[in-house]
Amino acid sequence: MRLIKAQLWKQAFVALACLAALAPVYWLVTISLKSEVDQFAVPPRWFVFKPTLAHYADAFLARSFGQYLITSATVAVLSTACALLLGTLAAYALARFRLPRKLDARLALWILSTRMFPPIVTAVPLFLLMRDVRLLNTKLSLIIVYTAFNLPFVVWMMRGFFLEVPRELEEAARVDGDSRLGALRRVVLPLVAPGLAATAVFCLIISWNEFLFALVLTQTDAAMTLPVGIAGRVTQYEIKWGVMSAAGVVAMLPILIFALAVQRYLVRGLSLGAVKG
Amino acid sequence: MPTRKAYPLSIVLILTLTLLNFAGCGQKGSSKQLTLAVNSGVEGDALKQAARDYEAQTGVHINIAEFPYANLFEKELVDLNARTGAYDLVMLDDPWFPRFATSEFLSDLKPFYEKRGQSGPDDDFVANSLALGHHPYQTGALYALPYVGNSQLFFYRKDVFQKHNLKEPATWDEVLAAAKLFNEQDAQSAPGGGKMYGYVMRAAQGNAAVADFMPIFWAFGAEMFDPQGKPTVNSAEGINALRFMLELGKYSPPGYASFNADEVSAHLLQGTAAMSINWPAWISSFSDPAKSKVIGQMGFTVMPGAKNPGRAEIGNWLIAIPRDARNADAAFDFLVWATSREQMKASALRGNPPTRKSIFNDPEMVAKFPAYPQQLRSLENSRPRPRTPMWNEIENAFGIFLSKANSGELSAEDAMNQANAEIAKILERGK
Amino acid sequence: MTINFFRHERALPYLLLAPTVAVLLALSIYPLIYSIRVSFQTGAHAGWSPGNFSRLFADRFFLAALGHTLVYAVCALTFEFLLGLSLALLLNEALRGRNIFRALLLAPMMLPPVVVGVVWRLMLNPNFGAINGTLKGAGLDTTALTWTASPRLALASVICVDIWQWTPFMFLVLLAGLQAIPQEPYEAALIDGSSRWQTFRHITLPLLKPAILIALLLRTMDLLRVFDQVFILTEGGPGFATETISLYIYRTAFRFFDFGYAAAMSFVLLVLTNIISLLYIRLLQRQEAR
């Protein structure tokens, strides 16, 4: 009896936490579907209101949010791919080779330390750097910056995953005639695939959501991402809540669906490697 | 065997190619192309639409870079300073202008006029507006043309004033008395039975607090600087003006120390506040049933006075050509076209107050925008914010202390003394 | 040629590391050198001057922003950790609907911080916001609850929003850590007849320590640089009540155009972040060595 009661209490606590987590998300969705008069009605209309798609039309037909969406997707996917490719190779080297003078451990620490750079510290110099190489206001500049931003994370996560894989498996493959990289691809990578997936999801979320660099490095619709576009609806006289929330809903949906679809991997991936250091 | 080993290499290759491809489509250079930096809002929207019309007429391709108000200044300043040449035309809020002009970031417009055999802009522009584009103010060379002729107006609920047999307020004392009266007697008179506050102001740090304070500050006889350029915000008049603002704040909705223009407007539109200082851009919203619960009930008049006659703060949008613009001549053609009588009328019809007298006086326009006579009166009588390149920093510091006083953190006297000291430091650094 | 090179075992690790190191060098060392250079330049003088650094200590805005950032980081970290740990412990057990709960709980951390700022700015509006509206509907007096508009509540409100968004991250990492703990020690504890608290104190906590440290490290680094949500939510106000270091640096650099002073402040932030992070890493390494 006591056990059942305890179970109920726990369920209630967790359910409350879920409610707290989701209520603002729900509110955002309703705001995006309300006319201005309903948005600011007192008392708030949580459930009953006349839905309208006007804000979505305004954002994606009249304004350039469709273009921002494509830019965001391109930048997030390509920067994640680059970071995974470079970072995985580096992580493998750090996990499997002992370099002279503890160079491997030192490099690992240095790579991690570059993630400690607060973005605001690098924003101005990167703006000037991108200007000098004529990459300002291009998707490429964002891809490069996000790749660099995600690299330390990828290296650190993947190093952890690689350390988990027993060396013997690889050596067996090499006895069978595989090269080192062949063994990496055929034997090791499939084993760390959940970890790779978890890492990729994190990189995607970070790139998709990033605001500061996108704000500093882009100038026109040609390279603007969704977060910058959304923040741009705060005008001098008014805040376009409808457009902002409509775009916000669209910005959160893909990442939410994607992340929920792979959430099992997220936990498993994390428990495999990174967490064990 | 070799094919398998080449696998990672081929990925690298494909990625590199994709990336190079992206680099290619970044910046194209062609003479028949202009890039405009505009404010995201009604002013920028009007210029954007004008640009589309211009494209259709002339075949000149126009790129639009649109930024929120706060970021537009940063973007323009950083890009112009870095001499990227990214923009051919920039929209500037007038208090930013001294910063750009003193840094020599803008093109003198005189040579362009001379190339056309003209000496300068025609005299249809409101003098107060055109003065903003000169550096030094009013007297120097011309670097920008005024596009949007905003100056503050006093908004009040005609119906509420009528109910209490009051005429529109002419002095700040009358405003205070009315605010007190409404606050006490109209506790449940907002649509839906909510409380209606007597007054609503915005006192969020930065631009907002300063803009709502300046008309009171000036009316009370205070000045920001003495003739030698020393800050004098903590003069007896200045402190009195802030005391008055705090008094008025008692009849403003709770939390007004963090309000920006959007919150003020929300209160006016929802009918939960009776008076406010606001910009003309909002006038049209009050007759839009999707936004307003007070259709036909809002009145607009010039700024109330006190010791001095009331004067509004001017807030015009200017358009200028950066020094490093890639297509300065084409940019000038567009600038003259966009500020021409005909085009400014189009912009006015899109909701922007003009800067030309002829449009304010056009009977057809007055029929559409009944507040135009008051707007012109307010504009011709308006004052600019102090013309200093350090204005952004000064406004930021001043606004922080005003906001702190309004949120109850500091007394009026402490706030003004601290603001004065901070402004003095900023000026010292700027030397 | 290439293939031979790849076969060459000694060169391989360097070859694999080279691209990463190159990218990171270019995008972190260059900004660092740049920052050092400009931070020693003050507007008026062309030469080297320590003016920007001495100005730091007399600048009350800077000191206030530093204070806010530290309070923000400590409060948010504490609550996120405690809440995240409780949720992780609860959902690590066999609870009905565990998978659904787990999925739902992750939603906030997936949202762009900009969107989070927008949502909460709407919800926390003292007069039209959903929170005060709902409280009022329940018969509560909300005139004093002005959240982000009140100098006393603003920082706390902003911290609450951070807790809302990032507790899921704590939860996720700690849950992963819990699931990686083997079953044997618990079985032994059961045989010994240890109480639940003892089991938690002597088995779960020590085994979870690496996960805890990693989670705290990552969160601390992000908390010290917090920008996006605050930028949208309050822009540092009311007054100066929620201005964080990142915001103040941004304002100084891009609005006041004082890159030198911004760079000097960046240094302080960088050094602070580094010291705190290195402390964590020390602890982690000691853990690993054990």
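## About the model

The model is predicted, so local features need pLDDT of at least 70 and side-chain atom pairs count only at pLDDT 80 or more, while totals for chains, interfaces and linings use all residues. Residues are numbered from 1 along each chain as its sequence is written, chains are lettered from A in the order in which they are written, and side-chain values use heavy atoms, leaving out hydrogens and water.

## Two domains in chain A

Let's start inside chain A, where the assignment gives domain 1 (1-52) and domain 2 (61-276); such bounds come from an automatic or database domain assignment. Their C-alpha centres are 32 Å apart. Seven residues of domain 1 of chain A are in contact with seven of domain 2 of chain A (heavy atoms within 4.5 Å).

About 550 Å² is buried between these two domains, with carbon and sulfur atoms giving 82% (accessible area, 1.4 Å probe, lost on putting the two parts together, summed over both). On the domain 1 side, helix α1 (residues 2-32) of chain A gives the most, with five residues (helices are DSSP runs of H or I, at least four residues, numbered from the N terminus).

## Where chain B meets chain A

Now for the two chains: 49 residues of chain B are in contact with 41 residues of chain A. The buried area here is about 3,600 Å², and carbon and sulfur atoms give 61% of it. There are zero salt bridges between chain B and chain A (a side-chain nitrogen of Lys or Arg within 4 Å of a carboxyl oxygen of Asp or Glu).

Technical notes. Helix = DSSP H or I, 4+ residues; strand = E, 2+ residues; numbered from the N terminus.
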